[in-house]
Each structure stands twice: as structure tokens, then as C-alpha cells.
Amino acid sequence: MPIRNIALGSPAEASQPDALKAALAEFISVLIFVFAGEGAGMAFSKLTADGATTPAGLVAAALAHAFALFVAVSVGANISGGHVNPAVTFGAFVGGHITFMRTIVYWIAQLLGSVVACLLLKFSTGGLTTSAFALSSGVTVWNAVVLEIVMTFGLVYTVYATAVDPKKGNIGIIAPIAIGFIVGANILVGGAFDGASMNPAVSFGPAVVSWTWANHWVYWLGPFAGAAIAALVYEVIFIGNNTHEQLPSADF
């Protein structure tokens, strides 16, 4: 069972060179992802008078996030595993593929990467607002929580199937593409309801820079719950005790 594979790690792990390199890789990957994804929405709004809320804007956001995540996962894969998402890191922890101490290091790097990306966007666009995630009219917080759980489940399940599973074989080569595709597809589904975060770091950066925290907890609870469920389902049912092999984080 995954619970037996969970490891806390030691405080000394946070200062090890490989952990620091992995954290830097996560910082850069998240910065790339958030700068492109959030920036695309800002650019579309500027060009179309707030057209980011239109169907065309939703498609543009989905494509931008899918392309950017493909790149962000690819460039970090050989160093940190290319998590690019605190929820993905949490899913890896629940499955026993990363220690809790390294999880904390990754989370700090990911959140900082998002904040820096949004600050750079605000500065380079002459002070345009980096809009925080918000619920659409008629969508309750629990509607949004369930939506985030389901979308993040699909994301982390895809990560497990294409990148974590020891039996993945050659399909591991397309993991960044599959991960980018599922995020883009989920944005087309959930973007009109709650913004389709699936990633606490993506929500955190704009919230900090715009200092907008309304219903922010939704974008932590939903993704973390979805990630945990996906990790447990895949570990227990599809990997199991007989085929499970502990993977170093760089292989994730």
C-alpha cells in the first residue's frame, strides 16, 4: 500500500545539492509555465477588450497552458521530475515517490516561481493586472471544489500512467505531451466555471500580486484532494505491491 512507502525524510535533505538543483528546476519550470499561461490571458484581454472571457479567449488559454506545460515539464523532467505543480508533488508524496522534506522544498520553489512570473508580467506589461482565479456567477465554492478534484484527478492520473508507472515503457516519452493535453482539455471544460486551476501555484501567484484571496482555499483543497485520490487509485490498483519499484524523483 502507498501509505507504507511514505517517507518524511530529514531536514538535512533540504540543503543537499541535488535537492537545491531540483528546487531551482521547479522554480524555473513554474516561472515559464505561469508567465506563458497567465501572460496569454493578459495579452488576449488587451487585444480584444477583455475578450479573455469569450469562447475564443478560453480556447487561447487552453492552448497556451497546454503548450507551456509541455515545455515546462520537459525542461524539468531530468532534474526535478518536472512536477510544475504542488498538487502533482503531493500526489508523488502520497504514492511514496518523494519524501515529505523534498515535497516542502518543491512547494516553496513552485510558489516562488509563480509569484516571480506574475511580478515580471505586471512590470513588463506596464502594470496590467494579473487576475486571480474566481468563481463564475452561479458557481458555488463546493461546485468548484468538486470540479477541481475531478480535473486534478485526471491530471495526476495521467502523470502516474505516463511518467510514474514502472511498466510505462515507451509511453513515458510522450508524458509531457499527455500532461499538457489533459490540462488544456480540462481548461476547456472548467475554465468558464472556476478558471480551471488544477495547480495551487498557478492560483497563488496572481492572488499574491493582485492581493485577491476570495475563495482562494478552493484552489488548494480541490487539487490536493484530486491528486491524493489519483495517487492512491493508481498505486493500489495498477501498480500494487508486486510491481512497485521505488523511483528517484528525477525519474518522475
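Predicted model: local features only at pLDDT ≥ 70, side-chain atom pairs only at ≥ 80, totals over all residues.
View 1. Helices α1 (17-48), α2 (55-76) and α6 (175-190) each give two or more residues to the patch, and L24 is found in α1. Helices are DSSP runs (H or I, at least four residues) numbered from the N terminus.

Residue numbers start from 1 along each chain as its sequence is written. Local features need pLDDT of at least 70, side-chain atom pairs count only at pLDDT 80 or more, totals for chains, interfaces and linings use all residues, and side-chain values use heavy atoms, leaving out hydrogens and water.

**View 2. F90 stacked on F224.** The ring centres sit 4.9 Å apart with 20° between the planes (pairing needs centres within 6.5 Å; stacked is under 30 degrees, edge-to-face over 60, tilted the rest). F90 lies in helix α3 (residues 86-94) and F224 in helix α8 (residues 218-243), so the pair ties together parts 134 residues apart in sequence. The structure holds 17 aromatic pairs.

**View 3. The salt bridge between R102 and E13.** The closest N and O atoms are 3.5 Å apart (cut-off: a Lys or Arg side-chain nitrogen within 4 Å of an Asp or Glu carboxyl oxygen). R102 is in helix α4 (residues 100-124) and E13 in the segment before α1, 89 residues apart. A search of the whole structure turns up three salt bridges.

How values were computed
Phe/Tyr/Trp six-rings, centres within 6.5 Å; stacked < 30°, edge-to-face > 60°.
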